[in-house]
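Please walk through this structure with its sequence alongside, moving from the overall make-up of a chain to individual sites.

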Amino acid sequence: MAATEQTIKQVNKLGNSDYKYGFSTDVDDIKPPKGLNEDIVKYISAQKNEPEWMLDWRLKAFSVFNKMPKPDWAKLDIPDIDFQDYYYYSSPKSLKDKPKSLDEIDPEILKTYEKLGIPIKEQEKLAGVAVDVVFDSVSVATTYKKQLSELGIIFCSISEATKNHPELVKKYLGSVIPIADHSFAALNSAVFTDGSFVYIPEGVRCPVELSTYFRINAMNTGQFERTLIIADKNSYVSYLEGCTAPMRDESQLHAANVELVTLENAEIKYSTVQNWYPGDSEGKGGIYNFVTKRGACRGNNSKISWTQVETGSAITWKYPSCILQGDNSKGEFYSVAITNNRQQADTGTKMIHIGKNTSSKIISKGISAGKANNTYRGLVNIQSKASNSRNFTQCDSLLIGNECGAHTVPYIESSNSDSMVEHEATTSKINEEQLFYCMQRGLNSEDAVGLIVNGFCKEVLQHLPMEFAVEAQKLVAISLEGSVG
Amino acid sequence: MLNIKDLHVSIEGKKILNGLNLSINKGEVHALMGPNGSGKSTLSYFLSGKDGYEMERGSIDYNGKNLLDLEVDERANEGLFLAFQYPMEIPGVQTSFFLKTAINSKRKHHGLPEIDALEFAKLIKSQAQELDISPDMLRRDLNVNYSGGEKKKQEILQMSLLNPAMSILDETDSGLDIDALRIVSEGVNKLRNKDNSFLVITHYQRLLNYIKPDYVHIIADGKIVKSGDFSLALELEEKGYEEISKTA
Ligand SMILES: Nc1ncnc2c1ncn2[C@@H]1O[C@H](COP(=O)(O)OP(=O)(O)O)[C@@H](O)[C@H]1O
Ligand SMILES: [Mg+2]
């Protein structure tokens, strides 16, 4: 049997039973009724004991959302979403009184994290990673807070930040992604439940990787996190985000907003590994992932770098972007997107060059298998004042089998003649001869595919922090394996 | 070890192997010589289980098993190794990582745990040194931007690390300068023992001065037309393929 053919077969075998993270935890939820209306917005705000200004902000966003059409330009087959059919708030009951330490956390929840491979207790001990965990809507535990606070670093849930650091939240929330940006941004602003907040003060280099794991647990819960990261002058932070969700028959909606701000000479490195439930092999269930991630390089010489490995979700619609406002600022986007079975991904980036001497780099690797569709959609916009700016874009697509698709849609807009934009794109099929060679050395066809695809993605994976890179490599292999053994 | 009987193989309707018989016992080295296009690479690919060939007739017994029942990776893990005439480049995959993955695949097949990191480091270092492969080389992507000679040495390194029972060397000598030829041959000779076997495919008698075969076979139009000992290689060098095939 041809190695590719075999791979296709294995890939096709990928039923929902193969989703390693498809278990759900039995905890009592507290939920208001299904549906989206002003009362729910008020309910969420009240649950979080939010100040008046935050409730007003939410209500404004909600009225904007009601007036907006859904975006429809992405190359995705999006089933109509009935916004009234979701729960907008879900909080495990035992968290009503927020735990003071990990010992107070429902052991069921801790077990869930262990199954996910992130034992919090272990991670607490293991130097180097501070974890802020979001379980459905409430931030469960934040570790390392003390060490970080000695450096003046704020790392907490966005709800806490609203209470304890209102001046920072008021100043920056919605400053990168305005409420009216598009309908999912407005929806998120109205009903966001939790997420992370990071502030790195001037001159501080954050000594550990900050990390959040998101997990959607409760059935039919739309999860709307809101993350805000601010790197003040001359500071640096590396932030990791990992996501997993249990499998369900009904699709779950996820519309996160992530805002990053770098001031002069500051740098944020934001890495994501996303393996949310992709739905079964017929495309049933799975997460609809409509994420808005945007960073503003406000200060001169500042830098924002996005690295993402996207292997999950039924539908992914995501364009981490950089607004290069400061002179000499830099934006980078490194992406691996893998789609299998009936997954659809429409992902890419937007690089908006506003300041002088700004530069951006885009490396995108798309892998499609099964009947999946994978689209890179990227915008490079060089504005008239962005003299002497540069962009380099490279998009490579790899196809496994004959029924999948890869599309590259670059939009290049330059209103500046002394700037330079370079775009390279390739599409290839997985090489049978390479597979044969690997298998002649004893690798089974799954391992051979995993090895070759990881090699294909190396330029991106090497930008992930060490401990994440290893996990990502395994994930790349697993998501193409279909079934192991 | 390997017993091929009346093998008929075609590609895309074109007959390539035409009633080939070849029997190799444990501990033997066989040389297979023949002109371009006579079917040497086809035989080695077919034995390794490459896709795209049609077998019309024949049987292949490998250590008491029907070779054709085994998948490509199973054949490899059961000790069948092919040193490729044109080794593949695998971009983004570090050579040493590839070697470790191959070793561990074989160990897994035989129910052994993964090789210890330190043990692997020692093993690869000593083996590479013997083949005059620099440690630097092992950190590069597999075969990417290797010279022709470096690729061939890499094949022999993989062979010595995997320690196969049955090795097929497909024109490993072509493209090698005299020093590389000596190093590669020494590598092969070091592996030779009473339990393993080699099928050395070559155009030239030159290689056989270094790797002394027990038997020499001449292939033409997909079948073996003459077999003998080392002296047949010398005779071939003198008379050429056409003459020899005629007297067969
Ligand atoms: N994939 C293929 N499709 C069609 N013909 C092939 C293919 N591969 C090899 N051949 C033909 O088979 C014959 C034998 O080739 P090969 O086994 O490579 O010869 P050798 O290794 O002895 O030089 C040649 O005529 C060659 O053109
Ligand atoms: Mg050949």
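The model shown here is a predicted one, and local features are described where pLDDT is at least 70. Chain A contains twelve helices and 23 strands, and of its 485 residues 64% are buried.

Two packed helices are described by the angle between their axes and the distance between the axes. The crossing of α3(A) and α9(A) is left-handed. On the side of α3(A), the contact is made by Trp57(A), Arg58(A), Ala61(A), Phe62(A), Val64(A) and Phe65(A), while α9(A) contributes Ser183(A), Ala186(A), Leu187(A), Ser189(A), Ala190(A) and Val191(A). Sorted by class, this contact between α3(A) and α9(A) comprises nine nonpolar, two polar and one charged residues.

Turning to chain B, which residues coordinate the magnesium ion (ligand 2)? The ion is held by Ser41(B) through OG and by Gln85(B) through OE1, at 2.1 to 2.3 Å. Ser41(B) belongs to helix α1 (residues 40-48) of chain B, whereas Gln85(B) sits in the loop between β6 (80-83) and β7 (90-94) of chain B, so the pair ties together parts that are 44 residues apart in sequence. Gln85(B) has a relative accessibility of 13% and counts as buried, because buried means under 20% relative accessible area.

The backbone deserves a separate look. Most residues other than glycine have a negative phi. Asn265(A), although it is not a glycine, has a positive phi of about 60°, and this residue is found in the loop between β11 (257-262) and β12 (267-274) of chain A. With a relative accessible area of 36%, Asn265(A) is partly exposed. In chain B, Asp221(B), likewise a residue other than glycine, has a positive phi near 50°. Asp221(B) is placed in the loop between β11 (215-220) and β12 (223-228) of chain B, and its relative accessible area of 65% makes Asp221(B) exposed.

Notes: Residues are numbered from 1 along each chain as its sequence is written. Chains are lettered from A and ligands numbered from 1 in the order in which they are written. This is a predicted model: local features need pLDDT of at least 70, side-chain atom pairs count only at pLDDT 80 or more; totals for chains, interfaces and linings use all residues. Side-chain values use heavy atoms; hydrogens and water are left out. A crossing is left-handed if the near helix is turned anticlockwise from the far one by less than a right angle, and right-handed if clockwise. Helices (H or I, at least four residues) and strands (E, at least two) are DSSP runs, numbered from the N terminus. Contact means heavy atoms within 4.5 Å. Ala, Val, Leu, Ile, Met, Phe, Trp, Tyr, Cys and Pro count as nonpolar, Asp, Glu, Lys and Arg as charged, and the others, Gly among them, as polar. Donors are N, O and S atoms within 2.8 Å of the metal (3.2 Å for Na, K and Ca); water is not among the atoms, so sites may look incomplete. Buried means under 20% relative accessible area, exposed over 50%, partly exposed in between (1.4 Å probe, protein chains only).
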